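Keep the structure open while you read.

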Amino acid sequence: MLSTVFAGIELKNPTVLASGILGTNAELLLRAANSGAGAVTMKSVGPKERQGHNNPTVAVWEHGLLNAVGLPSPGYKEIEEEFELLKKSPVPVIASIYGANVSEFVEVAKAIAEKKPAMVEVNISCPNSEMHGQLFGCHADSGASVISAVKKEIGEIPLIAKLTPQALNISEIAKACEAAGADAICAINTVQGMLINIEAHKPVLHFKKGGISGPAIRPIAVRCIWDIFEAVKIPIIGLGGVSNGRDAIELMQAGATAIGIGSGIYYQGTGVFKKVCEEMQEWMKANSYKSVKELVGIAHE
Ligand SMILES: Cc1cc2nc3c(=O)[nH]c(=O)nc-3n(C[C@H](O)[C@H](O)[C@H](O)COP(=O)(O)O)c2cc1C
C-alpha cells in the first residue's frame with residue numbers, strides 16, 4: 001500500500017528523513033532507517049569542515065522551530081567511515097551537498113559520487129550561512145549552473161535539487177533545474193525568520209536570523225509543491241511541517257511523491273516515521289485508496 005518508486009529508486013514507504021536533522025553520523029541515520037523511514041538524508045556536507053554558529057542555534061516556539069545552526073559539517077573528506085557504516089542501511093541513503101560556488105559543488109559532488117549514495121541532494125537553498133548559498137536557489141540561471149555541473153560529476157546517480165520557498169517564482173527555478181538535468185526536486189527548505197526576546201531586547205538566536213521549520217511552514221510547502229507539480233515532470237520530495245499522516249497526504253495531494261520529515265523528529269523522535277505511515281494507511285483504507293501512488297497530485301484534478 002505504501003511502497004513507491006522515487007526517481008527510479010524503490011521505497012518501502014514514502015517517508016524520508018530530511019537533511020540536517022540527524023547530522024552525518026551513521027549511527028543516528030541508521031536509527032531513523034531502522035525506525036521505519038523509507039529513505040534517509042544525510043546533513044549537507046561541503047568542501048571543508050565548518051564549525052557552524054554559536055549557541056543558541058535552535059529556538060522552539062509555539063508553531064515550529066527557528067534555527068541557525070550554520071551548516072556545521074565535518075567536510076566530505078571526514079565522513080568516509082560514515083559511508084562505510086551506512087552500507088548496512090536497510091533503506092536508500094541520500095547524500096546532501098553544498099558549496100559556496102560552482103567549483104566547490106563540483107569538488108564535493110565528485111568525491112561523494114564515489115561513495116555511491118542512492119541519490120545526491122543538492123542544497124541550493126540554505127538560508128543560514130554567510131555564504132548566501134540560497135542565492136543559487138533564488139535565481140534560475142545560477143541554480144541551473146550548479147545542477148548541470150553536479151549532474152556531470154554524478155552521472156547515473158539520481159540528482160535532487162533542494163529548493164527554497166523564498167524564490168520569487170519557485171516553478172521557474174524548478175523548471176530550470178529540470179532542464180539542467182535534475183532527476184527530482186525537494187521542496188521546501190526553511191523560511192527565513194527571526195524572534196526577539198523582549199525582556200532582554202535581543203534576538204533569540206546568536207546568529208540573529210534563522211530558518212523557520214515545522215507546522216508554521218506547512219501551508220507554504222503545500223503552495224510550493226503545488227506550483228512545482230504544475231511546472232515539471234520530475235518527482236518531488238515534499239517537506240515542511242509534516243507531523244502526522246494527514247499532513248503527509250496533503251503534501252502528496254499537492255504533488256509530492258515522497259514526504260520529508262525534519263522538525264517532526266524534534267517533537268516526536270524517530271518513531272514519527274512509523275506513526276505517519278500507520279496514519280496514512282488508516283486514512284487510505286477509510287477512503288478506499290489501494291496505493292500511495294494514487295494520491296500524487298490528485299488535488300489538481
Ligand atoms: C536544525 C536544522 C538543520 C537543517 N540542516 C539542513 C541541511 O544541512 N541541509 C538541508 O538541505 N536542509 C537542512 N534543514 C532543512 C530541513 O531539511 C527541512 O527542509 C526543513 O526543516 C523543513 O522541514 P520540516 O518542517 O519537516 O522541518 C535543516 C533544518 C533544521 C531544523
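A bit of housekeeping comes first. This is a predicted model, with local features needing pLDDT of at least 70 and side-chain atom pairs counting only at pLDDT 80 or more, while totals for chains, interfaces and linings use all residues. Residues are numbered from 1 along each chain as its sequence is written, and side-chain values use heavy atoms, with hydrogens and water left out.

**The core**

The largest nonpolar core holds 85 residues, and Ile112, Val122 and Leu163 have the most contacts inside it. Such a core is a set of buried Ala, Val, Leu, Ile, Met, Phe, Trp, Tyr and Cys residues joined through side-chain atoms within 4.5 Å. Buried means under 20% relative accessible area, with exposed over 50% and partly exposed in between (1.4 Å probe, protein chains only). Helix 10 (residues 272–286) gives the most to this core, namely seven residues. Helices (H or I, at least four residues) and strands (E, at least two) are DSSP runs, numbered from the N terminus. Apart from that core lies another one of 14 residues, including Phe6, Ala39, Leu239 and Ala258.

Not counting residues up to four places away in sequence, Ile112 touches Val45, Tyr76, Ile79, Phe83, Ala95, Ile97, Pro117 and Val120; contact here means heavy atoms within 4.5 Å.

Strands count as paired if DSSP finds at least two bridges between them.

| Partner | Sense | Bridges | Facing residues |
|---|---|---|---|
| Strand 8 (residues 119–123) | parallel | four | Val122 and Ala161 |
| Strand 10 (residues 184–187) | parallel | three | Ile160 and Ala184 |

**The ligand site**

For Ser263, an N or O atom in the side chain is 2.6 Å from an oxygen atom of the ligand. Gly262 takes part through its backbone, with a polar atom 3.0 Å from a ligand oxygen.

**Helix 8**

Seven of the 10 residues of helix 8 (residues 245–254) are buried, among them Ile249, Leu251 and Met252. The buried residues pack against helix 7 (218–231), strand 15 (236–239), strand 16 (258–261) and helix 10. At the start of helix 8, a side-chain oxygen of Asn244 reaches to within 3.1 Å of the backbone nitrogen of Arg246. Just after the helix, Gly255 takes a positive phi of about 140°.

**Two buried residues**

Pro47 is in the loop between strand 4 (39–41) and strand 5 (58–61). With a relative accessible area of 10%, Pro47 is buried. The C-alpha atoms of Pro47 and Gly99 are 6.9 Å apart, though 52 residues separate the two along the chain.

Thr15, in strand 3 (residues 15–17), counts as buried because its relative accessibility is 0%. Its side chain makes a 2.6 Å polar contact with that of Asn13. A polar contact is a pair of N or O atoms within 3.5 Å; within protein, one must be able to donate a hydrogen and the other to accept it, and residues adjacent in sequence count only if both atoms are side-chain atoms.
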